[in-house]
Amino acid sequence: MPELHYTTPDHAGVTQGPLLHEGKAKKVFATNRDDLVWIHFKDDATAFNGVKRANIGDKGAVNARISAHLLRHMETAAGVPSHMVAELSERDHLCKKVDIIPVEVVVRNVAAGSLCRRLGIEQGRVLPRPLVEFFYKSDELNDPLINDENALMFGWAEAWELAYLRAAALKVNEALVAFWDELDVTLVDYKLEFGRWHGNQILLADEITPDGSRLWEKGTQKSLDKDVFRKDIGDLGDTYRALFARVFGHDFAERAGGAAV
Ligand SMILES: Nc1ncnc2c1ncn2[C@@H]1O[C@H](COP(=O)(O)OP(=O)(O)OP(=O)(O)O)[C@@H](O)[C@H]1O
Ligand SMILES: [Mg+2]
């Protein structure tokens with residue numbers, strides 16, 4: 001697949017403003033435009049809600065490139081609009097500034113991770129249909145599983161928003177499963193975040209990366225994602241560069257530069 005960069009005429013003249021938020025994997029900066037944020041992808045890897053940490057060279061660049069590519073693909077193949085405006089460098093995205101809905105959406109195709117721990121389902125069981133789960137976005141509480149009633153009762157999302165999250169997640173899933181399938185990768189599960197834009201529109205936001213996805217190589221079942229770091233089963237930098245090569249068809253070292261502002 002050719003390495004196309006995400007760019008629109010919209011980003012002309014945008015400059016970086018002050019840091020608004022530093023998360024575990026990214027920094028979010030204001031810009032000279034009220035409606036746009038500048039998101040920088042760091043090389044930091046964390047697991048178990050920040051308990052395990054390391055700096056992994058190239059991770060930020062691989063994640064930024066894969067995320068831009070997949071978010072764009074979700075717009076064209078799944079019809080789900082995202083926050084992306086442009087790739088400003090290989091680690092920097094210009095995005096529409098949304099009000100993040102504090103309901104993380106996890107989609108599962110194969111049982112793994114917390115689903116197995118919570119319900120005693122054996123790891124690797126192929127689910128008969130995609131399972132969409134909601135989690136309350138709260139580091140202090142370790143992102144607990146919630147149901148619709150919780151989200152409605154405590155004002156985290158409205159009913160129409162939950163319906164949109166579920167429908168959009170299923171559309172994304174169909175396109176994303178097909179995308180990885182073509183590359184001989186099973187999309188086991190992943191997390192999505194959505195945000196409110198201009199009050200009445202919802203955009204797919206944040207990132208779609210191997211940090212927030214479980215990807216297993218077909219046949220070998222080898223992990224191609226952050227589980228390599230969580231479980232200490234290989235070199236995460238090598239894993240991410242290899243994933244980049246699988247997606248774009250050329251080595252990470254031969255990558256194209258991002259669009260300049
Ligand atoms: N378009 C956007 N507008 C505003 N905020 C955004 C947008 N996209 C993502 N964010 C938020 O920016 C932050 C990105 O930082 P990062 O992913 O490193 O956070 P994190 O450490 O994972 O913590 P969090 O639990 O907040 O996600 C997240 O809080 C995410 O929800
Ligand atoms: Mg995050």
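A polar contact, as the term is used here, is a pair of N or O atoms within 3.5 Å. With that in mind, welcome to a few close-up views of this predicted model.

**Figure 1. Polar contacts reach ligand 1 from Ala25, Lys26 and His83.** Start at the backbone of Ala25, where a polar atom sits 2.8 Å from an oxygen atom of ligand 1. For Lys26, the side chain takes part: one of its N or O atoms is 2.6 Å from a ligand oxygen. His83 turns up beside a nitrogen atom of ligand 1 instead, with a polar side-chain atom 2.8 Å away. On its own, ligand 1 has 590 Å² of accessible area, and the protein covers 87% of this.

**Figure 2. A shell of 17 residues surrounds ligand 1.** Look for Lys24, Ala25, Lys26, Lys137 and Glu193, the closest of these residues. Strand 2 (26-31) and strand 3 (36-41) are the elements that each give two or more residues to the shell. Sorted by class, the shell holds eight charged, six nonpolar and three polar residues. Ligand 1 lies between domain 1 (9-98 + 236-254) and domain 2 (100-217), because both give residues to its shell.

Conventions: Residues are numbered from 1 along each chain as its sequence is written. Chains are lettered from A and ligands numbered from 1 in the order in which they are written. This is a predicted model: local features need pLDDT of at least 70, side-chain atom pairs count only at pLDDT 80 or more; totals for chains, interfaces and linings use all residues. Side-chain values use heavy atoms; hydrogens and water are left out. A residue is near a molecule or strand if one of its heavy atoms lies within 4 Å of it. A polar contact is a pair of N or O atoms within 3.5 Å; within protein, one must be able to donate a hydrogen and the other to accept it, and residues adjacent in sequence count only if both atoms are side-chain atoms. Accessible areas come from the Shrake-Rupley method with a 1.4 Å probe; for residues, only the protein chains shown count as cover. Helices (H or I, at least four residues) and strands (E, at least two) are DSSP runs, numbered from the N terminus. Ala, Val, Leu, Ile, Met, Phe, Trp, Tyr, Cys and Pro count as nonpolar, Asp, Glu, Lys and Arg as charged, and the others, Gly among them, as polar. Domain bounds come from an automatic or database domain assignment.
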